[in-house]
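Please walk through the structure below, from its ligand site to its strands and charged pairs.

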Amino acid sequence: MKIEILPSLLAADYGRLAEEILRAQDAGADALHIDIMDPSFVPNLSFGPDIVALCRKVAPGFYRHVHLMMRRPDLYAARFVECGAQTLQVHIEADCDLHDTLKMISSLGAKPALVLNPETPVERIFPYLDEAKEVLVMTVHPGKGGQSFIREVLPKLEILRRMRPEMDLMVDGGINDNTGKESIAAGANQLVAGSWLFGAGDMKSKIARLRS
Ligand code: DX5
Ligand code: ZN
């Protein structure tokens with residue numbers, strides 16, 4: 001399966017956001033990961049739809065994955081698609097009808113995806129596997145960047161990969177060259193990395209390292 005690398009904008013230098021978006025694109029990333037935080041769902045706030053629109057304006061051809069850490073993603077999905085979200089990732093722990101929400105995201109013309117928090121059993125996702133186009137297995141507790149990788153979630157990837165050999169399976173949180181390798185071995189093919197990719201050093205060579 002093709003390995004895809006997605007830098008997380010959360011770790012970018014906000015004083016130079018446009019340059020940082022272009023830096024990620026020029027470094028050979030496959031898509032941009034944009035973290036939207038609602039403080040009733042995670043203990044933090046981050047970006048809103050206008051930042052998604054900014055990403056589209058700065059780099060129209062750079063694919064936009066939008067991670068909705070929101071209690072009611074159903075109320076905001078249309079607005080995010082309007083602003084340029086191409087994949088919308090919705091948490092299974094959200095407070096809405098997920099079958100309806102995934103259907104709505106598809107009908108808006110975006111790709112629907114589901115996200116599992118570290119403490120959520122993998123079985124919770126089984127009833128939605130035919131509707132979600134990809135699954136994100138969180139490898140940290142969502143809410144901030146720079147946390148340590150939670151290795152205990154790797155068996156979820158193994159189970160999902162066995163069930164869906166062709167499905168896109170993503171990891172997000174604490175990813176670097178070592179934890180990226182472990183995640184791929186467990187079945188992931190899409191890696192989100194924030195602080196490691198935007199941190200010191202050449203992003204292009206780090207992306208190449210993750211890919212290999
Ligand atoms: C965590 C976010 C992640 C975060 C990852 O709530 O969903 O996307 O940016 O950051 P790192 O790679 O620094 O753990
Ligand atoms: Zn994320």
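**The ligand site and its surroundings**

Around ligand 1 there are 19 residues, of which D35, G143, D172, G194 and S195 come nearest. The model is a predicted one, and every distance and area that follows is computed from it.

Three of these residues can be described through their contacts with oxygen atoms of the ligand. In the side chain of D172, an N or O atom is 2.7 Å from an oxygen atom of ligand 1. G194 takes part through its backbone, where an N or O atom lies 2.7 Å from an oxygen atom of ligand 1. S195 uses a polar side-chain atom, which lies 2.5 Å from an oxygen atom of ligand 1. Ligand 1 exposes 390 Å² when taken alone, and the protein buries 99% of that area.

Strand β8 covers residues 190–193, and V192 is found in it. With a relative accessible area of 1%, V192 is buried, because the limit for that class is under 20%. V192 and G146 are 46 residues apart in sequence, while their C-alpha atoms are 12 Å apart in space.

The next topic is strand β4. How many of the five residues of strand β4 are buried? Five of the five residues, 87–91, are buried, so the strand is largely enclosed by the rest of the structure. In a regular strand, side chains alternate between the two faces of the sheet. In β4, T87, Q89 and H91 point one way, whereas L88 and V90 point the other way, and all are buried.

Strand β4 has pairing partners in β3 and in β5. Strand β3, residues 64–69, runs parallel to β4 and is joined to it by four bridges. Within this pairing, L88 of β4 is the bridge partner of V66. The pairing of β4 with strand β5, residues 111–116, is also in the parallel sense and extends over five bridges. There, T87 stands opposite K111 of β5.

Helix α3, residues 77–82, forms a right-handed β-α-β unit together with β3 and β4. Helix α4, residues 98–107, forms a right-handed β-α-β unit with β4 and β5.

One residue of β3 deserves a separate look. H65 is found in strand β3, and at a relative accessible area of 3% it is buried. The side chain of H65 makes a polar contact of 3.4 Å with the side chain of E134.

S8 lies in the loop between β1, residues 4–7, and α1, residues 17–26. Its relative accessible area is 5%, and S8 is therefore buried. S8 and A31 are 23 residues apart in sequence, and their C-alpha atoms are 9.3 Å apart in space.

The charged side chains remain. Side chains of opposite charge can pair when their charged atoms come close. The count of salt bridges in the model comes to 14. One network of salt bridges links D13, R16, E19, E20 and R23. Within it, the side chains of R16 and E19 meet at 3.1 Å, N to O. R16 also forms a salt bridge with E20, and here the closest N and O atoms are 3.6 Å apart.

E19, at 47%, counts as partly exposed. E20, by contrast, has a relative accessibility of 3% and counts as buried.

A further salt bridge joins D177 and R209, whose closest N and O atoms are 3.1 Å apart. D177 lies in helix α6, residues 177–186, and R209 in helix α8, residues 203–211, so the pair ties together parts that are 32 residues apart in sequence. D177 is partly exposed, with a relative accessible area of 23%. R209 is partly exposed as well, with a relative accessible area of 45%.

Terms used. Residues are numbered from 1 along each chain as its sequence is written. Chains are lettered from A and ligands numbered from 1 in the order in which they are written. This is a predicted model: local features need pLDDT of at least 70, side-chain atom pairs count only at pLDDT 80 or more; totals for chains, interfaces and linings use all residues. Side-chain values use heavy atoms; hydrogens and water are left out. Buried means under 20% relative accessible area, exposed over 50%, partly exposed in between (1.4 Å probe, protein chains only). Helices (H or I, at least four residues) and strands (E, at least two) are DSSP runs, numbered from the N terminus. Two strands pair if DSSP finds at least two bridges between them. A crossover is right-handed if, with the strands pointing away from the viewer, the path from the first strand over the helix to the second runs clockwise. A residue is near a molecule or strand if one of its heavy atoms lies within 4 Å of it. A polar contact is a pair of N or O atoms within 3.5 Å; within protein, one must be able to donate a hydrogen and the other to accept it, and residues adjacent in sequence count only if both atoms are side-chain atoms. Accessible areas come from the Shrake-Rupley method with a 1.4 Å probe; for residues, only the protein chains shown count as cover. A salt bridge is a side-chain nitrogen of Lys or Arg within 4 Å of a carboxyl oxygen of Asp or Glu.
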